[in-house]
Amino acid sequence: MLLYLLITCLSFFFFAKSLSLPPWTSKTKTLLSFYFSKNFFTNILHPTKPDLASPVLGQMSILDLPDLPLDCILDNLSPSGLCSMARVCSSLRERCVSDHLWEKHLMTKWGKVLGPSAHKEWQCYLSSPYHLDSPHHQTSHHGLTKIISLIRSLSSILGDDNHRRRYPSSIPLDSTMSFYLSLETGRFWFPAQVYNRENGHVGFMLSCYDAELSYDTHTNTFQARYPPHGRRAIAIEKDVTWERIRAAPIDASPHHLYVSDSLNELKPGDHIEIQWRRNKEFPYGWWYSVVGHLESCDGNLNHCQCHISEMMVLEFNQYTVGSRWRKTMINRRDHREKGNEEDGFYGGIRKLNCKEDIEMWKRLWPSSILE
């Protein structure tokens with residue numbers, strides 16, 4: 001009887017165990033951490049072709065995983081993790097360069113500074129001969145420099161010359177991964193806008209200008225290249241921080257007048273950005289301003305009629321009272337570029353409806369009133 005009971009219990013135990021989830025479901029992180037910590041730096045110093053038949057934790061390789069859990073693992077890897085995984089074998093490389101894995105990383109890190117113009121510029125970049133000079137086709141330094149670059153920038157799988165010769169098309173040039181790495185390495189200059197250009201020069205305080213930017217992974221900052229102003233040479237600014245960069249809110253040339261569509265709804269207290277340029281050879285920049293009250297209005301909201309008036313006051317409160325830059329008048333019914341060579345030219349107006357945009361301008365407010 002006891003023998004029969006023992007056999008029955010053992011049979012039930014093995015049957016129940018067969019219904020449970022396999023060990024990798026609870027040990028995925030352990031498997032990956034074991035694999036990378038043991039083999040990653042060894043593979044950098046002594047690159048070898050991976051042996052897919054080699055046992056890992058109880059005769060299980062990561063390639064033994066079904067597609068769904070493997071995709072989940074890859075989906076949770078960082079960009080450096082994906083690049084490291086792509087070095088393992090051709091099967092994993094094909095998975096790790098998939099666009100759907102890199103689109104999330106592209107949006108997470110670069111989404112706030114990449115606008116439609118940046119994506120258009122990337123397509124033009126791919127169709128030009130300059131992409132042949134990209135890191136995908138360059139030969140890196142050997143020895144210690146090569147090792148340091150691989151350890152320091154795990155986002156690049158391009159440092160291994162042997163790897164490039166064996167897999168010349170491992171990263172499709174038109175892939176999201178290629179876009180991400182081109183941004184990360186600073187090879188691709190993308191269009192965006194910079195607040196308070198030229199290190200917060202007093203002449204550009206509370207403005208935002210178009211520029212081409214290149215990322216420096218060593219300092220986590222950008223180099224900005226501003227278009228020439230008239231006959232002036234291209235201005236270059238280094239160490240531009242992430243906080244000072246935004247995607248262009250309007251996909252248009254900085255030399256084109258923006259056609260405003262919100263003039264009739266503007267009222268005192270509304271926050272706006274207005275185009276301004278020093279002369280007609282210069283590109284426009286966007287300047288922060290607030291809609292003010294007419295001189296004939298006492299500011300009492302119960303009696304204010306400023307919002308129905310044809311003329312509208314724009315106030316630049318960063319300038320001292322009495323400054324010629326403090327206020328300007330705009331005709332909301334027939335608005336077009338207005339100004340002269342002495343005071344500059346005012347262009348289109350866009351209303352700020354996003355609280356984050358308004359708060360950004362307030363954070364950039366100068367520490368002292370400008371003259």
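This is a predicted model: local features need pLDDT of at least 70, side-chain atom pairs count only at pLDDT 80 or more; totals for chains, interfaces and linings use all residues.
At 23% relative accessibility, Arg95 counts as partly exposed, a class that lies between buried (under 20% relative accessible area) and exposed (over 50%), taken with a 1.4 Å probe and protein chains only. Residues are numbered from 1 along each chain as its sequence is written, and side-chain values use heavy atoms, with hydrogens and water left out.

**Salt bridges**

What does Arg95 meet in a salt bridge? Its partner is the side chain of Asp71, at 2.9 Å from N to O. A salt bridge here is a side-chain nitrogen of Lys or Arg within 4 Å of a carboxyl oxygen of Asp or Glu. Asp71 belongs to helix H3 (residues 67–75) and Arg95 to helix H5 (residues 90–96), so the pair ties together parts that are 24 residues apart in sequence. Asp71 is partly exposed too, with a relative accessible area of 32%.

By this rule the count comes to 17 salt bridges. Three of them are set out here.

| Pair | N to O distance |
|---|---|
| Asp71 and Arg95 | 2.9 Å |
| Glu198 and Arg197 | 2.5 Å |
| Lys267 and Asp270 | 3.4 Å |

In the second pair, Arg197 is buried at a relative accessible area of 1%, while Glu198 is partly exposed at 22%. In the third, Asp270 counts as buried at 10%, and Lys267 is partly exposed at 40%. Lys267 and Asp270 also belong to a network of salt bridges that links them with Glu265 and Lys351.

**Helix H6**

Helices (H or I, at least four residues) and strands (E, at least two) are DSSP runs, numbered from the N terminus. Which residues of helix H6 (residues 99–110) are buried? They are Leu101, Trp102, His105, Leu106 and Trp110. Seen down the axis of H6, these buried residues fall within an arc of 125°, so they line one face of the helix; the arc is that of the directions from the helix axis to the C-beta atoms. On the other side of H6, you will find His100, Met107 and Thr108 exposed.

Strand S7 (residues 285–292) has eight of its eight residues buried, so it is largely enclosed by the rest of the structure. Gly285, Trp287, Ser289 and Val291 point one way from S7, and Trp286, Tyr288, Val290 and Gly292 point the other way.

Two strands pair if DSSP finds at least two bridges between them. Strand S6 (residues 271–277) runs antiparallel to S7 and is joined to it by six bridges, with Trp276 opposite Gly285 in S7. Strand S8 (residues 311–315) is also antiparallel to S7, through three bridges, and Leu314 in S8 is the bridge partner of Val291. Strand S2 (residues 207–216) pairs with S7 in the antiparallel sense over two bridges, where Ser207 has Trp287 as its bridge partner.

**The whole chain**

The chain holds 12 helices and 11 strands, and buried residues make up 44% of its 371 residues. Among contacts (heavy atoms within 4.5 Å) with a separation of 6 or more, 61% come from residues 24 or more positions apart. The accessible surface of the chain is about 21100 Å², with 56% belonging to carbon and sulfur atoms; accessible areas come from the Shrake-Rupley method with a 1.4 Å probe.
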